[in-house]
Amino acid sequence: MTPEPSGSPGPENPHADLLAVLPRLTQLSAAFTKGRLTERATDAAGLALDRPAMGVLLALRTADAPLRIGEIADRMQVVGPHVTRQVQALEKRGLVRRVADPHDRRASLIEPTEAGTEAANRYVTSLLGWFAEALADWPQQDRDDLTRLLTRLADDVTARLARFDTEE
């Protein structure tokens, strides 16, 4: 068994500063899961959708234009067939629709319907309200730093994990 690193970073302990981050990441993950944050936001928005379906709507909501199935899958970090099933279910509920791809007549793009956009907006409003309450006492500079650093962490971790996929 390897002893846990402690103390300051140095040649014998190069990652000691990162050790404090791991329990916090675990704590956040557990809090979101145990607190059922996404399920609570879905309920508060009056939606009877599961997490994957909400993920598709959210990916479309945050996109600047309609997306291909593969683009939605990339944004959600899942495989295409999973998204295809979700899109089909959302189509049946009238929350998304297929539109012709102007660059490739053989392909179609997915976009939210007006009802889908409204549903996604209610969900986002619920989530943002929850986070606004959690961060209400934070100074604006801390909120800005959080956004900047979380964005950087998410981008760097995602890029590094993508490299693992291409190396295999």
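This is a predicted model: local features need pLDDT of at least 70, side-chain atom pairs count only at pLDDT 80 or more; totals for chains, interfaces and linings use all residues.

Trainee: What is the average pLDDT of the chain, and where is confidence lowest and highest?

Mentor: pLDDT is the predictor's confidence in each residue, from 0 to 100. The chain averages 87 on that scale, and 93% of the residues score at least 70. Confidence is lowest in helix α1 (residues 16-19), with a mean of 83, and highest in strand β1 (residues 96-101), at 93. The helices (H or I, at least four residues) and strands (E, at least two) are DSSP runs, numbered from the N terminus.

Trainee: What makes a space a pocket, and how much space lies in the largest pocket?

Mentor: On a 1 Å grid over the protein atoms alone, a pocket is an open set of points with protein on both sides within 12 Å along at least five of seven lines, whereas a cavity is a set of points where a 1.4 Å probe fits but cannot get out. A volume is the space filled by probe spheres set on the points, which are joined across faces, edges and corners.

Trainee: Which element gives the most to the lining of the largest pocket, and how does the lining divide by class?

Mentor: Helix α8 gives the most, with nine residues. The lining has 26 nonpolar, eight polar and five charged residues. Here Ala, Val, Leu, Ile, Met, Phe, Trp, Tyr, Cys and Pro count as nonpolar, Asp, Glu, Lys and Arg as charged, and the others, Gly among them, as polar.

Trainee: How much space lies in the second largest pocket, and which element gives the most to its lining?

Mentor: About 220 Å³ of space lies there, and α4 contributes the most to the lining, with four residues. By class, the lining has five nonpolar, four polar and one charged residues; among the lining residues are Pro-52, Leu-58, Arg-75 and His-82.

Trainee: Why is the contact of Asp-101 with Arg-68 called a salt bridge?

Mentor: A salt bridge is a side-chain nitrogen of Lys or Arg within 4 Å of a carboxyl oxygen of Asp or Glu. The closest N and O atoms of Asp-101 and Arg-68 are 2.7 Å apart, and the pair therefore meets the definition. A search of the whole structure finds eight salt bridges.

Trainee: What of the salt bridge between Asp-156 and Arg-152, and where do the two residues lie?

Mentor: The closest N and O atoms of Asp-156 and Arg-152 are 4.0 Å apart. Both residues lie in helix α8, four residues apart, about one turn of the helix. Asp-156 is partly exposed at 46%, and Arg-152 is exposed at 56%.

Trainee: Why is the pair of Trp-130 and Phe-131 called edge-to-face?

Mentor: Rings of Phe, Tyr and Trp (its six-membered ring) pair if their centres lie within 6.5 Å; planes under 30 degrees apart count as stacked, over 60 as edge-to-face and the rest as tilted. The ring centres of Trp-130 and Phe-131 are 4.9 Å apart and the planes stand at 90°, so the pair is edge-to-face. The structure holds one aromatic pair.

Trainee: Why is Ile-69 called buried?

Mentor: Ile-69, in helix α5, has a relative accessible area of 17% and is therefore buried.

Methods
Residues are numbered from 1 along each chain as its sequence is written. Side-chain values use heavy atoms; hydrogens and water are left out. On a 1 Å grid over the protein atoms alone, a cavity is a set of points where a 1.4 Å probe fits but cannot get out, and a pocket is an open set with protein on both sides within 12 Å along at least five of seven lines; lining residues have an atom within 4 Å of a point. Buried means under 20% relative accessible area, exposed over 50%, partly exposed in between (1.4 Å probe, protein chains only).
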